[in-house]
Each structure stands twice: as structure tokens, then as C-alpha cells.
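Me: I want to learn how to read a model like this one, feature by feature. Can we go through it together?

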Amino acid sequence: MALNTLVVDDSSVMRSIIIKTLKLSGLPLGDIWEAKNGEEGLRIIQDKWIDLALIDIHMPVMDGEEMLTRLRENDQYENLPVIVVSSESAPGKIEKMLKLGATFIHKPFTPEILKEVIVAVTGVNNENTD
Amino acid sequence: MKTQIEKVLIESTVRTFEDLCFMYQEPELKDAQKNLPLEAASEVKYRSDDFTGKLLIETRGGLSPAIATNILSNDDPSAQQKKDALGEIANIICGNIVPSLGGGGREYKIEPPRSLSKDDLLKEEGQEEPVAEITLNFNDGRVDIKLFVDGYSAAKEKKSD
Amino acid sequence: MVYTIGVADMKISGDNPDMLITYALGSCLGIAVYDLKLKRAGLLHCMLPDSSIDRNKAAGNPYMYVDSGMKALLDNFYRNGSRKNNLIIRVAGGSSSKVNEEEDFFKIGHRNFVSLRKYLWNEGLMLKAYDVGGYGSRTVTLEVENGKMLIKSKGSFKQL
């Protein structure tokens, strides 16, 4: 199974770190889509088949919490694997994201940690072979 | 003597530089690192129910290009990439530190980072006193971080009256 | 045959049933590279994070440093036909010189690990597994036949 992945973060630098990690992970990847805020992210999810979404919390236009809330309101995306990747450190906010069925990765993170969580969330393991 | 908030600020900064920039803190500031000219600065504004303020980050001694080079694996990062990389570092440190203010745990919003010129910095200098201020050295350069809480200087003056 | 890799040294073998072993990793790193397709195994025992501190020393013995040691190790794999996708990279060691890591002023073990992650990120590779930090010494064995990596520490074994 090739994972079509959506990366939502207002920082181009953070999107490039996440995308590079995905590419180095050895996981079977499909298309990778990028969005700068929750609104753009939701639009991509409606238009494309997405298997995994990695989303930031603090973003302009629409933040990650609102994006995730709206996503879960739609039955179709109730079980979409979502990893929230954020520097958010307020326990209450993190708890809200977990209750919405997301897994949380705290920034800063190492690429190795990000990969471990992606494997755990998607159940897709990597095999290093051509 | 470091305050609790300065300790948290140091921890967050060291971890961010290690995990994302692959840089480790040098144990001591060398003399050459003490009088380096400013090369780049960025600020992130935050607000919670009780506090508003900003985190200001300044780099010296080649640290700004080194941050972008290491994160992006690009030996010749563009001016925009350097600004974005420093902004993201400021953003992450700010996100880590703000919930620790005033007993901790509170929710907050942060604005996207803003790159500052020397003129911008001069205009703002001395207007407020930082709640916490740290200097750390990485590679041959240096990073200075100041955390401001709006109204802190006024409250402090009032208290000492 | 069993090859023992000393401090600031490296060995690569593609001969089954060779075994590579390195003892007493403290703050040093034992970095294992294994090619799943070609069944070649390499083990590097390096001491310090960054060769820029003394380029002459690094030219004389690249295996002293994490960055120059990794370059020499990986170059050998590439020259012998390895492709990045088939390499698995694991590391052990990097422990603290003090029981309480806070008191470890120079944090050499910790820096070695940061330096390795930097090298791999630039090289476009990622660690598959790691057992680093803490206090105490580790012994690492790597089997050429199957790439099995065992770590012995404080009397117990762990497979990475």
C-alpha cells in the first residue's frame, strides 16, 4: 500500500523537514500534498485520496484544531490517521487533539521519532529494498 | 542565577538546535563570540487569556546560514530560506515556553514569525524589559533569546515603588 | 573469522560467517552499516564528533571522528555497489562519562550522536535503530550472514 500523505504547516521549512523524513523513511509513499493552513488542507482532503495527514496546530486562516474538528464531523474522514506535529505544550490543548483521534508529536522532534510514529499510526512497516 | 523560566528557555533552545539543526551547545562562550555583530533576528508574538508578549531571537557569527544549511541540507540557502528557518526555530521555542508562564498549562495563540531588520530592533530596544534572557553558543556563532511579557516592566516598576 | 575493531578503527566484511566485534564503547559510537542485498557488514568505532577540529589527524585516521569515519565507511559500501535503499544503519554507545548526565560537562557521547544524525540527514539516510546515552559501557557484535546486531551492556544482551 502506497501512502498518499498530506502535510499541513504554515512553515515551508517545517513542511520540507517532514517531507524529507517521509522520503528517507523507506515507507511506501504515494503522492505527497502540501497545505499552508487548515482550510487548504481540508480542500485537498476533499479532492484527493489521502491515507495520512500530518498537521500543525498554530496556523493562520484555519488552525489545526479547527481542521481536525471539521474533519471528524464528516463520517468519511472519521478514521483518517492524523498526526498532529506541533510545539504546543499546553496539556489541555494536546488532550483535545488526542480526543479527536489524533496522535501527537511534539516539536522539536528528530526524524527518527517522526518515522516511528508514522509506522505505529499507519501500521505500514518499512522494508529497505529497491 | 538563572530563573526557572530561563532554565526552561535554555532546555527548549538546546533541544531545538540539537534535534532540528543538528548543532550542540559549546560549554563556554569564547571571547571571540562575545562581540559579534548582529546578523539576523526574528520575533514571534503570542497571546493567551492572561498574557500577551513576544519572543525575540537574534543570531551572530554565521549561525543564521548554518541553521538553514543544516535543516535544509543546502550549502547555499537563499535569504528567504534563512529567514524562514530562523523564524521556525523561534516559533518552536515560543510554543515550548509560553505555556510555562505564570504557573503553566494555559492555552495560547501564536502569530507567524516576523523577520526583523537592524532598524526594527533599534526601534524596539529598551521599550520593554525581558522576563527572561539567555545567550548560548553553537558552532562558532551565538544565539540570544529574549522573552517579553507585555506590561512586565510597568508591573515591576509599580512593585518597587 | 571474528574481527575485533579497536578504538578509532573500522572493518568491513562480506564473508560469511565472519563476525565483527567492538568492545568497551563508552562515549564512543559503534556504528553498524549492513547491506541487505549484498550481505556486507561494516562496523566503525569512532571517538569524537567532528573532524573539523583537526583536519590533519582526520586525514591520518578518519575513523577517529564520526563524520570522516562515516564518509570512509559509506564510500567503501558505495564503491562496492551498495545502494542507499539497501543499507540499514544502527548505532550503539554515546554514553555519558558521569552517572548524572547533567554533570557531564563536555557531553562527548551526546555530541557524537548529534553529529551522526547530522551526517546521515545530509547524506539522505536514516537510522533504523539506536541504543545510545545513559551511563556505562557497551560491546557490539555484528554478523555478516544476517546483519544481526547484538549489544551487551551491564551483563544483559539486546538486539537492535
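**Reading the model**

Reply: Start with a loop. Ala8(C) lies in the loop between β1 (2–4) and β2 of chain C. Keep in mind that this is a predicted model.

Me: What is the phi of Ala8(C)?

Reply: The general idea: most residues other than glycine have a negative phi, and most peptide bonds are trans. Ala8(C) is not a glycine, yet its phi is positive, about 60°. Ala8(C) has 18 other C-beta atoms within 10 Å, so it is partly exposed.

Me: What confidence scores come with the chains?

Reply: The general idea: where pLDDT is low, the predicted coordinates should not be read in detail. Chain B averages a pLDDT of 87, and 91% of its residues score at least 70. Chain C has a mean of 93, with 98% of its residues at 70 or more. The model scores ipTM 0.87 and pTM 0.91.

Me: Now helices. What span should helix α1 of chain B have?

Reply: Helix α1 of chain B, residues 4–21, has 18 residues, so at 1.5 Å a residue it should span 26 Å. Its end C-alpha atoms are 25 Å apart, which agrees. Phe22(B) follows α1(B) and has a positive phi, near 55°.

Me: Which residues of α1(B) are buried?

Reply: They are Val8(B), Leu9(B), Ser12(B), Thr13(B), Thr16(B), Phe17(B), Glu18(B), Leu20(B) and Cys21(B).

Me: Pick one residue. Is Thr13(B) buried or exposed?

Reply: Thr13(B) counts as buried because it has 23 C-beta neighbours inside 10 Å. Leaving out residues up to four places away in sequence, Thr13(B) touches Ile93(B), Ile134(B), Leu136(B), Val143(B) and Ile145(B).

Me: How are α3(B) and α4(B) arranged?

Reply: The general idea: two packed helices are described by the angle between their axes and the distance between the axes. The axes of α3(B) and α4(B) come within 8 Å and cross at roughly 85°. The two helices are therefore roughly perpendicular to each other. From α3(B), the contact uses Ser64(B), Pro65(B), Ile67(B), Ala68(B), Ile71(B) and Leu72(B). From α4(B), it uses Gln81(B), Lys82(B), Ala85(B), Leu86(B) and Ile89(B). By class, that contact has 8 nonpolar, 2 polar and 1 charged residues.

Me: How many residues of α3(C) are buried?

Reply: 14 of the 16 are buried, so α3(C) is largely enclosed by the rest of the structure. It reaches 22 Å from its first C-alpha to its last, close to the 22 Å expected. Gly124(C) follows α3(C), with a positive phi near 80°.

Me: Last, the interfaces. How many residues of chain A and chain B are in contact?

Reply: The contact takes 21 residues from chain A and 21 residues from chain B. On the side of chain A, α1 and α4 (91–99) each give two or more residues. The largest share, 5 residues, comes from α1(A). That side divides into 8 nonpolar, 9 polar and 4 charged residues.

Me: And how many residues link chain C with chain A?

Reply: 13 residues of chain C contact 9 residues of chain A. On the side of chain C, β6 (87–93) and α3 each supply at least two residues. The residues of that side divide into 7 nonpolar, 3 polar and 3 charged.

Definitions and conventions: Residues are numbered from 1 along each chain as its sequence is written. Chains are lettered from A and ligands numbered from 1 in the order in which they are written. This is a predicted model: local features need pLDDT of at least 70, side-chain atom pairs count only at pLDDT 80 or more; totals for chains, interfaces and linings use all residues. Helices (H or I, at least four residues) and strands (E, at least two) are DSSP runs, numbered from the N terminus. The expected span of a helix is 1.5 Å times one less than its number of residues. A residue is buried if 20 or more other C-beta atoms lie within 10 Å of its own, exposed if 12 or fewer, and partly exposed in between; C-beta atoms are placed from the backbone. Two residues are in contact if their C-beta atoms, placed from the backbone, lie within 7 Å. Ala, Val, Leu, Ile, Met, Phe, Trp, Tyr, Cys and Pro count as nonpolar, Asp, Glu, Lys and Arg as charged, and the others, Gly among them, as polar. pLDDT is the predictor's confidence in each residue, from 0 to 100. Axes are lines fitted to C-alpha atoms, for helices over the stretch in contact, and angles run from 0 to 180 degrees between N-to-C directions. Angles under 35 degrees count as roughly parallel, over 145 as roughly antiparallel, 65 to 115 as roughly perpendicular and the rest as oblique.
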